[in-house]
Protein chains: 2
Amino acid sequence: MPLIKKPTIYDVAKRAGVSITTVSRMLNTPDKVNSETREKVLTAIDALGFVPKAEARARAMQHTGRIGVITPFFTAPSFIQRLRGIAETLSPKNYELVIYTVDSSNHLQGYLSSLPLTGNLDGLIILSLPVDDSQVHRLIDHGLPTVLIEYPHPKLNCVEIDDVEGGSMAATYLLGKGHRRIAFLGDTDLPEYSIHPVSSRLNGFRQALKKARIKLPDTFVRLAPYSQEQTRQVANELLNLPDPPTAIFAATDFQALGVLKAARHLNIKVPKQLAVIGFDDLDMAEYADLTTVSQHLDESGRLAAEILLSQIASPSRLPRHVKIPLTLIERQTA
Amino acid sequence: MPLIKKPTIYDVAKRAGVSITTVSRMLNTPDKVNSETREKVLTAIDALGFVPKAEARARAMQHTGRIGVITPFFTAPSFIQRLRGIAETLSPKNYELVIYTVDSSNHLQGYLSSLPLTGNLDGLIILSLPVDDSQVHRLIDHGLPTVLIEYPHPKLNCVEIDDVEGGSMAATYLLGKGHRRIAFLGDTDLPEYSIHPVSSRLNGFRQALKKARIKLPDTFVRLAPYSQEQTRQVANELLNLPDPPTAIFAATDFQALGVLKAARHLNIKVPKQLAVIGFDDLDMAEYADLTTVSQHLDESGRLAAEILLSQIASPSRLPRHVKIPLTLIERQTA
DNA sequence: TGTTAGACTGAAAGTGCTTTCAGTTTTGCT
DNA sequence: AGCAAAACTGAAAGCACTTTCAGTCTAACA
């Protein structure tokens, strides 16, 4: 007899021919109800498969903690790799992983104002989203342990990388390979954020070139929306320039793949005629044999989760800021 | 200020000079209250250190607003793409997405026995994991709406594809291109499951070849663990056979990429000297220009979520079984 | 047999929160 | 300025139980 709705105390009462009071009493102080009545109620409870909801819930809440992760709407592979790192370390610790995807700044605001209150979370990880001062204070005031990934804030735990340094590493590597005509291809998304990682990568890239006295023409700095196809087109333009670059630094692996694809379609040999270097070290980078600046995405997720757990364990400790070192991974494309 | 009693929503309302309705709204749908009022309420909340009681909350809202997803430990890109589809349709509906990653059969058992009981889930999606009869009944008895993806069961909602048909499509396509020496490369993971999708794909593949009276030597059927590197090695062996195949059907895109990589390293031209076809249509497939059998992963996730929502809305409806049609996507590798 | 203490029981009043609905204020247009 | 549409707000009606309190019944004692 598959019951559609979960039975309530009322259903049990009706079936047993008693009042809800009695059922309740039966549940909480069984010795205060007549054994005959008790029998009736018990039978009804069994028949209906009644489980007092609140109790079950409370019990469940006791044993498992909940960790929230706020992430930009999950489209970029890099988020996913970090998420994987997080899940990996949380899962064995018996924590539930609750995902909140955000698609606008408003949306984020909403989560940040309600989650510390109603979320009943034990901790929060915010992935690649900038959080402003007042929101940070809110989190702190409500004592919700939090770890930020990618956009740091002095008062909270953070896991970050040095994007400027990364840009510079890429430039230095290409310079070392003898390239002098090097272009940059970044993305244009998220214009609302002031310190976009991609800009920092461009800065580092610029600095390194400047230091080496190599000039970077404006035509060599291109931005394309974060999509394979549009990136390919921009790469195409770059490669069809009268005096095209011999190397391209793409600010993200995803875009580097777009560049590679453009090269493939133009029959340009990589790395012979064109060197390509990316940034991130996505899973795909390995497949594509893409030389790239690795920011150890999985590791960043893992680390964030660990920091969060230790902060939950001892809430009074000061916020930790961890900078994950970048590694240049040399593969076949540069 | 001796705080004997925990502040309730009424206290906050009084202090902020608004009604409890407004306070509640402020907590749940902050964007629906005027920013001035919001500020007042926020101040009052902060001043009182108000924390809404989760239990009362869950009671008032008939539902918990939480959907669980049980997924194999998230390593395969295909899970992630489905998850993306799920998140995409759940997020605007304001459901929390709770992820349970599973790494063993035991682990799954554990979740399946506790999740329906604790009852703080409105629905459940089980991704690519086989669920046995007793577990299914458990779910049904406790009235937890559930959708299965990939491993169907007659009594529950399912979203699946026809793997046999898919294998056959791939074979037919390659045959149509004139290939006669066609190899299969599958994976060896998840040995505990009887009807592994990859085996079905192989079956379909076999049948199609048989129908065309093309023989499939044993040396042409290879299994490699689900890893890029090991797949590449197996592909290498295949390609170094004295009489190598002119086409390879890889049972998953991920492995197809391994095959492509092997070909690249052996300087074998694709598709001229070797045709490669995959299965899945991962994001990466597009980058790699991989011809593949698309199973519309995002869509499967979306669909599963929609079915779940409609089942939550009207719990009495019969389980639906949806088979997502496969599409052969012709790109550059075959 | 009449009381009456004691054991049971149910109506009704909370509990802390959400949500519907109707009323009020703002806003946007003309 | 004039008015409909949109945005806000609060009263009140739930939700699934627990608890209080006023009975009703029984059994036992005089």
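Visitor: How many helices and strands are there in chain A?
Guide: This is a predicted model. Secondary structure in chain A comes to 13 helices and 12 strands.

Visitor: Why is chain A more spread out than a compact globule?
Guide: The C-alpha trace of chain A spans about 95 × 45 × 30 Å along its principal axes. For 334 residues the globule rule gives 20 Å. Chain A is well over that, so it is more spread out than a compact globule, with a radius of gyration of 28 Å.

Visitor: Which element gives the largest share of the surface near DNA strand D?
Guide: The residues that come nearest to DNA strand D include Thr8(A), Ser24(A) and Ser19(B). Elements giving two or more residues to this surface are α2 and α4 of chain A, and α2 and α4 of chain B. The largest share is 6 residues, and it comes from α2(A).

Visitor: Where is Pro271(A) found?
Guide: Most peptide bonds are trans. The bond from Val270(A) to Pro271(A) is cis, with omega near 5°. Pro271(A) sits in the loop between α11 and β9 of chain A.

Visitor: Is Glu150(A) buried or exposed?
Guide: Phi of Glu150(A) is positive, near 85°. The residue lies in the loop between β4 and β5 of chain A. A residue needs 20 or more C-beta neighbours within 10 Å to count as buried. Glu150(A) has 21 inside 10 Å, so it is buried.

Visitor: Which strand of chain B holds Asp280(B)?
Guide: Asp280(B) is not a glycine, yet its phi is about 135°. It has 26 C-beta neighbours inside 10 Å, so it counts as buried. Asp280(B) lies in strand β9.

Note on methods. Residues numbered from 1 in each chain as written. Chains lettered and ligands numbered in written order. Predicted model: local features only at pLDDT ≥ 70, side-chain atom pairs only at ≥ 80, totals over all residues. Helix = DSSP H or I, 4+ residues; strand = E, 2+ residues; numbered from the N terminus. Rg over C-alpha atoms; globule rule 2.2 N^0.38 Å. Near = placed C-beta within 6 Å. Buried ≥ 20, exposed ≤ 12 C-beta atoms within 10 Å, placed from the backbone.
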